[in-house]
Amino acid sequence: MLLDVAGLKKSFGSIVVADDLDLAVAAHEAVGIIGPNGAGKTSLFNLITGDLAQDAGAIHFDGRDLANEQPQRRCRAGLGRTREIPQPFEKLTVFENLLVGAVHGRHKTEREAAQSCGEILEQLDLLKRANMLAGSLTLLERKRLEMARALATSPKLLLLDEIAGGLTEGECAELVATIRAIRGTGVAILWIEHVVHALFAVIDRLVVLNFGRKIAEGAPKEVMQRSEVHQIYIGIEA
Ligand SMILES: Nc1ncnc2c1ncn2[C@@H]1O[C@H](COP(=O)(O)OP(=O)(O)OP(=O)(O)O)[C@@H](O)[C@H]1O
């Protein structure tokens with residue numbers, strides 16, 4: 001397995017965000033995560049990337065035990081992530097934003113970084129925006145930039161956190177096409193998303209979290225039909 005999370009535990013006082021959680025993602029696989037607000041989805045990403053320290057359990061990535069690895073070393077090991085609210089350097093250009101990721105996230109030379117960043121901008125349809133300030137982008141472009149910055153660190157696994165939220169149907173379809181293309185290059189994907197139809201257009205497997213617990217896992221459509229999942233998702237599009 002590329003990512004192997006076993007017996008993960010994390011609480012904030014009485015709030016349990018990871019309750020003996022097991023989760024695995026194989027190389028090249030695309031796995032979706034859904035769950036109600038507060039289920040612990042973003043906390044799980046923070047635990048995987050090292051932004052949060054676990055109380056117990058183990059996280060292995062690409063054969064490495066991440067227990068004592070700082071977030072930057074986890075990034076260099078091949079863990080890329082996007083955040084629910086895009087956080088670009090607003091006063092840098094789109095291109096400069098990527099360079100920062102490539103140079104600091106991956107220790108590339110500026111020359112190597114410049115070439116790969118150009119390719120990523122093209123792949124994410126941002127080349128025409130390369131010299132614009134990140135702060136001037138539309139929401140869809142900001143989401144694309146968020147993915148581009150993560151890709152600039154050459155991830156083996158890309159963690160996407162609610163990347164489709166707030167987009168129009170047409171924009172969402174464009175984003176899905178882009179994520180499928182990224183996956184086509186061999187990058188594994190772990191994607192938290194409330195926009196279920198977007199998720200289902202990409203993923204192989206679905207995991208459902210509630211109160212930090214995994215309550216269901218398996219083939220996406222089959223999982224959505226289980227009564228315990230249905231109960232949680234009444235009122236949310238399937
Ligand atoms: N640093 C923290 N300190 C205290 N409580 C926290 C912290 N981070 C998250 N929480 C709490 O943990 C719970 C889970 O939060 P988390 O953001 O992981 O949920 P989520 O499933 O991603 O929710 P959403 O779908 O709304 O993004 C929430 O009740 C949240 O308030």
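The following legends describe close-up views of a predicted model.

Local features are described only where pLDDT is at least 70 and side-chain atom pairs count only at pLDDT 80 or more, while totals for chains, interfaces and linings use all residues. Residue numbers start from 1 along each chain, as its sequence is written.

**View 1. Domain 1 and domain 2 of the model.** Domain 1 comprises residues 1–78 + 155–238, and domain 2 comprises residues 88–153; such bounds come from an automatic or database domain assignment. Taken over C-alpha atoms, the centres of domain 1 and domain 2 are separated by 24 Å. Twelve residues from domain 1 and 13 residues from domain 2 take part in the contact, two residues being in contact if their C-beta atoms, placed from the backbone, lie within 7 Å.

**View 2. The side of domain 1 that touches domain 2.** Helix H2 (71–77) and helix H6 (169–184) each supply at least two residues of this side. Helices (H or I, at least four residues) and strands (E, at least two) are DSSP runs, numbered from the N terminus. H6 gives the most, with five residues. By class, this side of domain 1 holds eight nonpolar, two polar and two charged residues. Ala, Val, Leu, Ile, Met, Phe, Trp, Tyr, Cys and Pro count as nonpolar, Asp, Glu, Lys and Arg as charged, and the others, Gly among them, as polar.

**View 3. The shell around the ligand.** Strand S2 (15–25) and helix H1 (41–49) each supply at least two residues of the shell, and the largest share, three residues, comes from H1. Four nonpolar, six polar and one charged residues make up the shell.

**View 4. The open sheet of six strands.** The strand order is S6-S7-S8-S3-S9-S10, with mixed pairing; two strands pair if DSSP finds at least two bridges between them. Strand S6 (79–81) and strand S10 (213–218) are the edge strands, each pairing on one side only. Neighbouring strands are turned by 20° against each other on average, direction ignored. Axes are lines fitted to C-alpha atoms, for helices over the stretch in contact, and angles run from 0 to 180 degrees between N-to-C directions.

**View 5. Strands S3 and S9, with helix H1 on the sheet.** Strand S3 (residues 30–34) and strand S9 (residues 205–210) run parallel and are joined by four bridges. Ile33 has Val207 in S9 as its bridge partner. H1 packs on the sheet and touches S3, S6, strand S7 (157–161), strand S8 (188–192) and S9. The direction of H1 makes about 150° with that of S7.

Notes:
A residue is near a molecule or strand if its C-beta atom, placed from the backbone, lies within 6 Å of it.
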